[in-house]
Amino acid sequence: LALELAIESQVLLRNDGVLPLDPKKKLAVVGPNANSTGVLMGNYYGCSAAGTTADLDPRCNVTTPLAGLATYVEAHSGPSPTYARGVDVESNSTTGIAAAVAAAKEADVVVAVLGLTNCMLPGGAVHRPNCESEGHDREDLGLPGEQEELLKALRETGKPVVVVLVQGGPVAPSPAALLGANATLVAWYGGSKAGTALAHVLFGHSPSGRLPVSIPQSVTDLPPDTAMNLDAAPHGRTYRFFNATPAFSFGFGASYTKFVYRHPAVRSTVGRRGEYIACVELRNDGHVPASEIVQIYGVVTGTREMFVPKVQLVAFKRVHTMKPGEERIICIPFGEEALQNFDAKQRKMKLMPMTLYIGGRGPHLQGAFVGGVGVPQEPLAVPLPLAVEVFV
């Protein structure tokens, strides 16, 4: 179960075609989170032999990215990867970058495992500027420490660079970091099987995760903490009210294949007032087996009133592995409550005229840095005014 969750949660943000990797190629695995066990467990975990944030007791059986990749290539008779830490998450030292660059130059592909770390040390949370914990905010959304410098040095070697982000909250690398990497994958705090799961995805298991939050381009796009209104200036809170262009949006995630959606339809459930079902034809039009997350979003038509979101997730469904060329009819039920919004004048929840969108991502929800292969197609609209009389 731990392996399945770690595989299915990974989100591919960008891929120019470098992924999936060939296990016969020589890898350089670098970065502060490449060989750390403690960071993979987040802030809360159960292990009777816990150690520090950097390293857990081996009895905890946590597989690091380095260990997972090394085991995979060994099983496929590939060359052993080389490793260099390069930099630390919370240090301004750059003395280790030279070793990372040397490893990269001797490799065919570089896997840079970057991101955040938690604030947990023996005795409880320690609040520091660029770590994550309960009751603690980071001071910036970017990659902390000298990770950007490490990434710049790796890109200058001319070798393909795959960035893996180990994180809990969103990380917004600089445009140069995002556009300079050949692929970027969010692996989160992947738990005890994180390294094994990462190897599965990098070497061919098509990623199917979707972002549970939008990744802003900058903290300046976010309202101040004192502004609790979801419509708060300058750009609103959460994907439902956000007016700026994020780096990557809620619900986004690329894959190694191409899914084609056709013939969407929405109807009421016979004999059940207030219950509906949406169906769509889904085809794996690529060359690899893959899973897909079918999503349904609603957009209120006409003038948007106060407290009414720009877009809202209505329902979703994971479609497990489809073979290349396979077609299925996917149907997702949902209730009227998923379509309702608050009417500030009447002080009650009610249905409003709405268009539904069905696809692998939301309408107008993508992001400034989306590109490469495996990007979901624009969702299909079902232009129905969702008034009660339409469905009953």
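User: How many salt bridges does the structure hold?

Analyst: The structure holds ten. Bear in mind that this is a predicted model, where local features need pLDDT of at least 70, side-chain atom pairs count only at pLDDT 80 or more, and totals for chains, interfaces and linings use all residues. Residues are numbered from 1 along each chain as its sequence is written, and side-chain values use heavy atoms, with hydrogens and water left out.

User: What makes Asp285 and Arg283 a salt bridge?

Analyst: Their closest N and O atoms are 2.9 Å apart. A salt bridge needs a side-chain nitrogen of Lys or Arg within 4 Å of a carboxyl oxygen of Asp or Glu, so this pair qualifies. The two also belong to a network of salt bridges that links Arg262, Glu281, Arg283, Asp285 and Glu327.

User: Why is Asp285 called partly exposed?

Analyst: Its relative accessibility is 37%. Buried means under 20% relative accessible area and exposed means over 50%, with partly exposed in between (1.4 Å probe, protein chains only). Asp285 therefore lands in the partly exposed class, and Arg283, at 25%, does too.

User: Which salt bridge do Glu326 and Arg328 show, and what do their surroundings look like?

Analyst: The side chains of Glu326 and Arg328 meet at 2.8 Å, N to O. Glu326 is partly exposed, with 23% relative accessibility, and Arg328 is partly exposed at 26%.

User: What does the salt bridge of Glu378 and Arg361 tie together?

Analyst: In that pair, the closest N and O atoms are 2.8 Å apart. Both residues sit in the loop between strand 16 (354-359) and strand 17 (380-382), so the pair ties together parts that are 17 residues apart in sequence. Strands (E, at least two residues) and helices (H or I, at least four) are DSSP runs, numbered from the N terminus. Glu378 counts as partly exposed at 41%, while Arg361 is buried at 5%.

User: How many helices and strands does the protein chain have?

Analyst: Its secondary structure comes to eight helices and 17 strands. Of the chain's 392 residues, 52% count as buried.

User: How do you know that helix 6 is mostly covered?

Analyst: Helix 6 runs over residues 194-202, and seven of its nine residues are buried. Those seven are Ala194, Gly195, Ala197, Leu198, Ala199, Val201 and Leu202. Their cover includes helix 1 (2-9), helix 2 (65-75), strand 4 (109-115), strand 7 and strand 8 (183-186).

User: Why is Thr184 called buried, and what does it touch?

Analyst: Thr184 is found in strand 8. Leaving out residues up to four places away in sequence, Thr184 touches Val11, Leu12, Leu13, Arg14, Val163, Leu165 and Leu178. Touching here is contact, meaning heavy atoms within 4.5 Å.

User: Is Gly158 buried or exposed?

Analyst: Gly158 is exposed, with a relative accessible area of 62%. Gly158 has its place in the loop between helix 4 (147-155) and strand 7 (161-166). Its C-alpha atom is 9.9 Å from that of Asp108, and the two are 50 residues apart along the chain.

User: What is the volume of the largest pocket, and what lines it?

Analyst: The largest pocket has a volume of about 620 Å³. Of the 21 residues lining the largest pocket, Leu141, Pro170, Pro216, Leu222 and Arg237 are the closest to its centre. The lining divides into ten nonpolar, four polar and seven charged residues. Here Ala, Val, Leu, Ile, Met, Phe, Trp, Tyr, Cys and Pro count as nonpolar, Asp, Glu, Lys and Arg as charged, and the others, Gly among them, as polar.

User: What makes a space a cavity, rather than a pocket?

Analyst: On a 1 Å grid over the protein atoms alone, a cavity is a set of points where a 1.4 Å probe fits but cannot get out, while a pocket is an open set with protein on both sides within 12 Å along at least five of seven lines; lining residues have an atom within 4 Å of a point. Points are joined across faces, edges and corners, and the volume is the space filled by probe spheres set on them. The search finds one cavity of 30 Å³ or more, and the largest cavity holds about 40 Å³. Leu40, Pro65, Val166, Ala187, Trp188, Gly190, Ala194 and Leu198 line the largest cavity. By class, that lining has seven nonpolar, one polar and no charged residues.
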